[in-house]
Amino acid sequence: MAVKVRRQRPRRRVCWALVAVLLADLLALSDTLAVMSVDLGSESMKVAIVKPGVPMEIVLNKESRRKTPVIVTLKENERFFGDSAASMAIKNPKATLRYFQHLLGKQADNPHVALYQARFPEHELTFDPQRQTVHFQISSQLQFSPEEVLGMVLNYSRSLAEDFAEQPIKDAVITVPVFFNQAERRAVLQAARMAGLKVLQLINDNTATALSYGVFRRKDINTTAQNIMFYDMGSGSTVCTIVTYQMVKTKEAGMQPQLQIRGVGFDRTLGGLEMELRLREHLAGLFNEQRKGQRAKDVRENPRAMAKLLREANRLKTVLSANADHMAQIEGLMDDVDFKAKVTRVEFEELCADLFERVPGPVQQALQSAEMSLDEVEQVILVGGATRVPKVQEVLLKAVGKEELGKNINADEAAAMGAVYQAAALSKAFKVKPFVVRDAVVYPILVEFTREVEEEPGIHSLKHNERVLFSRMGPYPQRKVITFNRYSHDFSFHINYGDLGFLGPEDLRVFGSQNLTTVKLKGVGDSFKKYPDYESKGIKAHFNLDESGVLSLDRVESVFETLVEDSPEEESTLTKLGNTISSLFGGGTTPDAKENGTDTVQEEEESPAEGSKDEPGEQVELKEEAEAPVEDGSQPPPPEPKGDATPEGEKATKKKKKK
């Protein structure tokens, strides 16, 4: 018995040790379950988290505020962020960077670079010959690109979230303006990688706002379509979005609420910042007028004084939204001289008269892209801080012709809350109620190529072809396959933006190059030599527009087919059983789609590409490919299309034919 007891004790110890290890693993796992969102605005950012036991919640910064200024002060050995950097802007304006998101993905000759330099002349922008972009020259030893500065801000937002959650956080959903093109979106992803963040998705801020609105009003959504317009005027830009809410039937979860982006309109430079700059200029003129006879320098030549005036203009704009007039006052504005002047709301509205005339523009763009009228829109809801300006509301109300404007949403935090809900839905650690999101492509993308044709015997000419890959206001994420059937040698094609006629001349200059990349295919001729007896099914290029709205060329392959006659064989018992099970469950495995992912376009028969300008004999074909199941919603962004793309595989598909 004694021996038996002694043998059992080690087993109990082993069992307790196993239990302790399992508990330790579970505790370690629970420490990394939190996810975060960053609503990255031009002037300020909002960070939200979800962790076990804590539903969606806005993160408080070190000053216990719910929003943090997007400002960075860079010194030789120090960095300041948020409110600390804002206070440093007066002492060291050259080293304090703000509104740098306007430079993301922009080449040096972009009009927005010149506009930024005119707004903030204290910053020295130098040319980067390798990337054809600009960077901030802080000192002779310090220089940073806009992407690097944004990476610092994202890293700071991560530290705020981790301090608030009391655990490490890596997964994040980041909001971007809906008008960001491919270069700008890739710039944000690059900044996130520098910050060590795993981006689950770049979500458009208007989509995040619409998702937040729908999540908190799930009970009001039914099978009848409801069209809601969101008018978002922030600090740097204005976006108008038309969203349709409706209950739809899904294969995975039955009837579920859905939001669909129907129309989008925007103005890249209409926002609160431009109003503040007008006020700053007005205040600078008043100060110079007060010192006219004293042979004083122009206050505009003093960066510190202009930083003080911009801060006062920001405060003045806010106060005038609720008051008819207010006294602007700054102690020691320049040369120890105090400044004091009365500004009325009427004066402010006169200064910004041309800006207020642009307020209805995004509304008309959104209606046009949605092919809807204002009568079909049930409600117009205000989002963004600049919509608090009374004149903006007055002009907008007149433009939409409604009785009143909706203010039943948190104008500052809606996007952050919608983004963190999406982060929880994409994370494996949480299970949320499904909410189907159908986002829309703003800029169409097409493929262009040139092919040699024989018009008459012995007479050859080059023919230009275009195929639309992703049409304007079409859904995404989405995969497409384009098949080139007339090539048996190496060739190249261009991936470009499609028709951008909906943009004005100034917006087109800001947009930049319409060419995304040029793909040069090598090895096409070798593949035909390798399979001379096989029938070619064309060169297939597989494109993917992912959840973040980023385009990638996944692969290019040369496909061949041949007929092989096989003698009939008796099906084995296992084969019969497999066929029976397959038929019982609908003929195969259908992977579950993400519960909160964007709807994907199902696979269709190959058909001529959209917008084809060729004769019926042209054999280039385009088809939509079913979205592959996503095991982990937090996949890194796909690689950028390469300049020289080699076919990834030469596939010989044998087609069996039974006698």
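Predicted model: local features only at pLDDT ≥ 70, side-chain atom pairs only at ≥ 80, totals over all residues.

A: Happy to! The crossing of H4 and H5 is right-handed, where right-handed means that the near helix is turned clockwise from the far one by less than a right angle, and left-handed anticlockwise. Residues are numbered from 1 along each chain as its sequence is written, and side-chain values use heavy atoms, leaving out hydrogens and water.

Helices here are DSSP runs of H or I with at least four residues, numbered from the N terminus. H4 covers residues 146–165 and H5 covers residues 182–194; their axes come within 8 Å and cross at roughly 55°. That angle makes H4 oblique to H5, as oblique is what remains once angles under 35 degrees (roughly parallel), over 145 (roughly antiparallel) and 65 to 115 (roughly perpendicular) are set aside. The axes are lines fitted to C-alpha atoms over the stretch in contact, with angles from 0 to 180 degrees between N-to-C directions.

Now for the residues themselves. H4 brings Glu-147, Glu-148, Leu-150, Gly-151 and Leu-154 to the contact, and H5 answers with Ala-187, Val-188, Gln-190, Ala-191, Ala-192 and Met-194; contact means heavy atoms within 4.5 Å. Sorted by type, the residues of this contact are 7 nonpolar, 2 polar and 2 charged. In that sorting, Ala, Val, Leu, Ile, Met, Phe, Trp, Tyr, Cys and Pro are nonpolar, Asp, Glu, Lys and Arg are charged, and the others, Gly among them, are polar.

Methods: Helix = DSSP H or I, 4+ residues; strand = E, 2+ residues; numbered from the N terminus.
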